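This note sets out comments on the structure shown below, for a reader who works with computed models.

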Amino acid sequence: MIDLSAYDETQFPRELLDYKLMQSHMVVALNKRGNRLSVALADPTNLRALDEIRFQTGMAVDPVVAEVDKLATTVAKLSETAAHALRDLTLGDEFDMDLLQGDESLGESSGEAAQAEVDDAPIVKFIQKMLLDAINEGASDIHFEPYEKYYRIRFRTDGLLREIAQPPLVLREKIASRIKVVSRLDIAEKRVPQDGRMKLQLSKTKAIDFRVSTLPTLHGEKIVMRILDPSSAMLGIDALGYEPDQRAAMMNAIERPYGMVLVTGPTGSGKTVSLYTCLNLLNKPGTNISTAEDPAEINLAGINQVNVNEKAGLTFATALRAFLRQDPDIIMVGEIRDLETAEISVKAAQTGHLVLSTLHTNDAPSTLTRLANMGVPSFNIASSVILITAQRLARRLCSCKKPVSVPVEALIQAGFSEEDLDGSWQLFGPGGCDRCKGSGYKGRVGIYQVMPISEDMQRIIMTTGNSLELAEQAQREGVRDLRQSGLLKVKQGVTSLEEVLATTNE
């Protein structure tokens, strides 16, 4: 048995085995002597792995035993990271930059020539490694950004953008063209924004979808890829961060036979994942579920998903009208943007269907006034809406969190009451370790305001009351606002006070 941590990974013949084989069998090539290759693996009797290595390398294989945890760490380090793929691209001093200068004419070149240009192995490899790195890091978006003097790639992880690489500027057209080809976009069109999708097959059972958006900027096309992981909808409602009473109110609402449930919050606050988690709970053989989205982000078997296409005349309102003739039980509308969509959604909720949708508002009470401002009559709002939930995403403290002390005055100013400060709980702040890359945060947790519409609230809506009156009534009924829910997460040690203050208004 060998100790892998005593080896220098840079000396391993890493080019002999591809990353997929290393990861699937947890195997590392140690050294090569003549036609013999020493490989470290946890189970030396794994004949299938040894046969695959022999087939891939054409060499005789000498297996050596190593510990599983150290193998996993080494495989992660040896994975062909973006930095390595970049080295493949630039090839040090031997790289001839002139080979790539002709890319400016890509728009005018014929389809076949363009295809030949973008099927450049190092570019393909580089983009694949970028996508794999983003998935392994748990990033939500990848930004490819061209500027006058440089080109940069950034990942958004836990809500924050971080620069990952700066490829040579001359590669911007090749990278953009490759992504557009895979996403089935028009590579000759660089003057208008385009939207597309692509899929990365990680294994036979797991694939990750990417939503691709291009935007013409002064110095080339900026491309943003949103990573859509279907497993996020399978997390279950417990993993999202609802408190027990909020979870009970949410479950009670979505199990009702008809009515409207609205999820509100800014872009990127996790509304889609919340809605899909609810749909996944409702997705049973005896239920007909239809969704209209722009575009459908997560594919779920058993749910009829429709992509809105306004150019072709398929709007939210058109899709909704069609749904009502398709014998639906549950309808999900991606977003209520206009009066027509709002009116049809309300009518559907009043005629025996459960309607789930999102709205862009700051908190739950202001959602009702937003619907009224759109032109929906207040009596229709009162009779159809059964629950509104507002949400934000705060970064979750890593396991390296450390106790911090904050003056009592600051805690009271943040929203804690005198009774809360009884000394029975400890305030934590970010630490910093390898797992969280020194940031002190790993992953995110939802902060929610779950507001069931009571009879008293219906009366306020009917008398055209404003959002302040609704908020006061919600407080009387024990509904926590976003700040109070956030402070509860602080008391539980899930997140830090700074995060809650940054993501919620008092």
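The points below go from the whole chain to individual side chains.

1. Basis of the values. This is a predicted model, in which local features need pLDDT of at least 70, side-chain atom pairs count only at pLDDT 80 or more, and totals for chains, interfaces and linings use all residues. Residues are numbered from 1 along each chain as its sequence is written, and side-chain values use heavy atoms, with hydrogens and water left out.

2. Overall layout. The protein contains 18 helices and 18 strands, taken as DSSP runs numbered from the N terminus (helices H or I, at least four residues; strands E, at least two). Along the principal axes, its C-alpha atoms fill a box of roughly 85 × 65 × 50 Å. Of the contacts with a separation of 6 or more, 64% join residues 24 or more positions apart; a contact means heavy atoms within 4.5 Å.

3. Burial and surface. Of the 506 residues, 46% are buried (buried is under 20% relative accessible area, exposed over 50%, partly exposed in between; 1.4 Å probe, protein chains only).

4. Aromatic pairs. The count comes to 3 aromatic pairs, where rings of Phe, Tyr and Trp (its six-membered ring) pair if their centres lie within 6.5 Å, and planes under 30 degrees apart count as stacked, over 60 as edge-to-face and the rest as tilted. Tyr-242 and Tyr-448 are stacked because their ring centres are 3.9 Å apart and their planes are at 15°. This pair links distant parts of the chain, 206 residues apart: Tyr-242 is in the loop between strand 9 (220-228) and helix 8 (244-254), and Tyr-448 is in strand 18 (residues 441-452). Tyr-242 is buried at 8% relative accessible area, and Tyr-448 is buried at 2%.

5. Charges over rings. Arg-395 lies over the face of Tyr-441, 4.0 Å from the ring centre, and the charged end of Lys-401 sits over the ring of Phe-428, 4.8 Å from its centre. The criterion is NZ of Lys or CZ of Arg within 6 Å of the ring centre and within 35 degrees of the ring normal.

6. Backbone points to check. Met-26, not a glycine, has a positive phi of about 50°; Met-26 lies in the loop between helix 1 (19-25) and strand 1 (27-33) and is partly exposed at 25% relative accessibility. Arg-184, also not a glycine, has a positive phi of about 60°. Arg-184 lies in the loop between helix 7 (172-182) and strand 7 (194-201) and is exposed at 78% relative accessibility.
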